[in-house]
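The questions below go through a structure from one of its helices to its aromatic rings and then to its loops.

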Amino acid sequence: MYSIGEFSKKTGITIRTLRYYGEKGLLKPARISEGGQRYYNDANIITVQKIVTFKYLDYSLEEIKELLKKDDSLLQSLEHQKLQLLKKKKQLEQMLATIDTAIHIHQGNIAVDSTTLLLIIHSLLTEDAQKDYLRQYISEPLIERIYNFLDINFIEINRRYIESLHEIKQAYQAPPEDTMLKELIERLFSIIPQELTKSIAQEFEKHATVDFDNWLFAIPLTSEEENWLLEQAARLNILEEVIT
């Protein structure tokens with residue numbers, strides 16, 4: 001038997017955490033004395049090893065509690081967790097690629113707007129919620145086409161997106177002549193192929209109203225910049241060209 005202090009030293013888990021695991025029903029002491037002292041045995045060590053391993057695999061404490069009860073469900077749960085970790089790995093790789101792209105652009109003497117960079121990362125983290133939202137208006141095959149295109153061309157898309165938004169923000173502050181302005185806006189709108197943009201527009205046109213979600217699809221422009229951009233795109237007949 002080990003006292004809670006001895007058990008803490010042996011496992012490397014703080015006394016406070018051991019008590020917390022006990023409160024959550026994850027780790028039951030082998031014995032509790034009349035005076036309330038907790039004592040642990042070697043079987044408790046195995047339980048702690050399982051808890052630490054599950055935590056490393058990114059399970060929540062509630063999930064760990066259920067797994068400790070049902071050893072027969074472990075393989076199925078691990079297969080599910082593997083998929084989740086692979087998804088997280090993909091997100092991390094895309095975030096690193098986004099940051100590398102921002103650094104590369106910045107080294108080319110183009111200031112990278114922090115809001116743009118953070119909103120790109122936010123978009124990566126909310127991809128599942130974006131797809132759920134789009135299913136209200138767009139067919140599943142088209143959603144897959146959109147995100148397959150974004151995945152395959154991820155680095156190039158973000159490079160062009162960051163650079164184009166920087167140019168648009170500069171143009172808002174000091175509007176160039178129309179020929180140059182039209183080129184800047186067309187460069188931004190052409191990041192997504194016209195054929196894909198047209199398909200998306202046609203799907204949305206089938207609905208009388210569309211409740212646009214600014215949280216999931218945030219645009220790194222101020223409301224003034226966004227309104228100005230749309231006004232200029234309409235004035236220069238760019239929107240019509242993109243979706244027709």
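This is a predicted model: local features need pLDDT of at least 70, side-chain atom pairs count only at pLDDT 80 or more; totals for chains, interfaces and linings use all residues.

**Helix, rings and loops**

Q: What distance does helix α9 reach from its first C-alpha to its last?
A: Helix α9 covers residues 154-173, which makes 20 residues. At 1.5 Å a residue the expected span is 28 Å, and the model comes close to this with 29 Å.

Q: How many degrees lie between the ring planes of Phe54 and Tyr59?
A: The count of aromatic pairs in the model comes to eight. One of them joins Phe54 and Tyr59, with 5.5 Å from centre to centre, and both Phe54 and Tyr59 are buried. Planes over 60 degrees apart count as edge-to-face, and the pair of Phe54 and Tyr59 is edge-to-face at 80°.

Q: How many residues apart in sequence are the parts that the pair of Tyr137 and Phe204 ties together?
A: Tyr137 and Phe204 form a tilted pair, with 5.5 Å between the centres and 35° between the planes. Tyr137 is buried at a relative accessible area of 10%, whereas Phe204 counts as partly exposed at 22%. Because Tyr137 lies in the loop between α7 (127-134) and α8 (140-152) while Phe204 belongs to helix α11 (residues 194-205), the parts that the pair ties together are separated in sequence by 67 residues.

Q: Which residues form one aromatic cluster with Tyr137 and Phe204?
A: Tyr137 and Phe204 are an aromatic pair, and both are members of one aromatic cluster.

Q: Over the ring of which residue does the charged end of Lys131 sit?
A: In the model, the charged end of Arg31 sits over the ring of Tyr39, at 4.7 Å from the ring centre. For Lys131 the charged end is 5.1 Å from the centre of a ring, and that ring belongs to Tyr147.

Q: What is the phi of Asn237, a residue that is not a glycine?
A: Asp58, in the loop between α3 (42-56) and α4 (61-69), has a positive phi near 75° and is partly exposed at 41% relative accessible area. Asn237, in the loop between α12 (223-235) and α13 (238-243), counts as partly exposed at 44%. The phi of Asn237 is also positive, at about 60°.

Note on methods
Residues are numbered from 1 along each chain as its sequence is written. Side-chain values use heavy atoms; hydrogens and water are left out. Rings of Phe, Tyr and Trp (its six-membered ring) pair if their centres lie within 6.5 Å; planes under 30 degrees apart count as stacked, over 60 as edge-to-face and the rest as tilted. Buried means under 20% relative accessible area, exposed over 50%, partly exposed in between (1.4 Å probe, protein chains only). Helices (H or I, at least four residues) and strands (E, at least two) are DSSP runs, numbered from the N terminus. A charge sits over a ring if NZ of Lys or CZ of Arg is within 6 Å of the ring centre and within 35 degrees of the ring normal. The expected span of a helix is 1.5 Å times one less than its number of residues.
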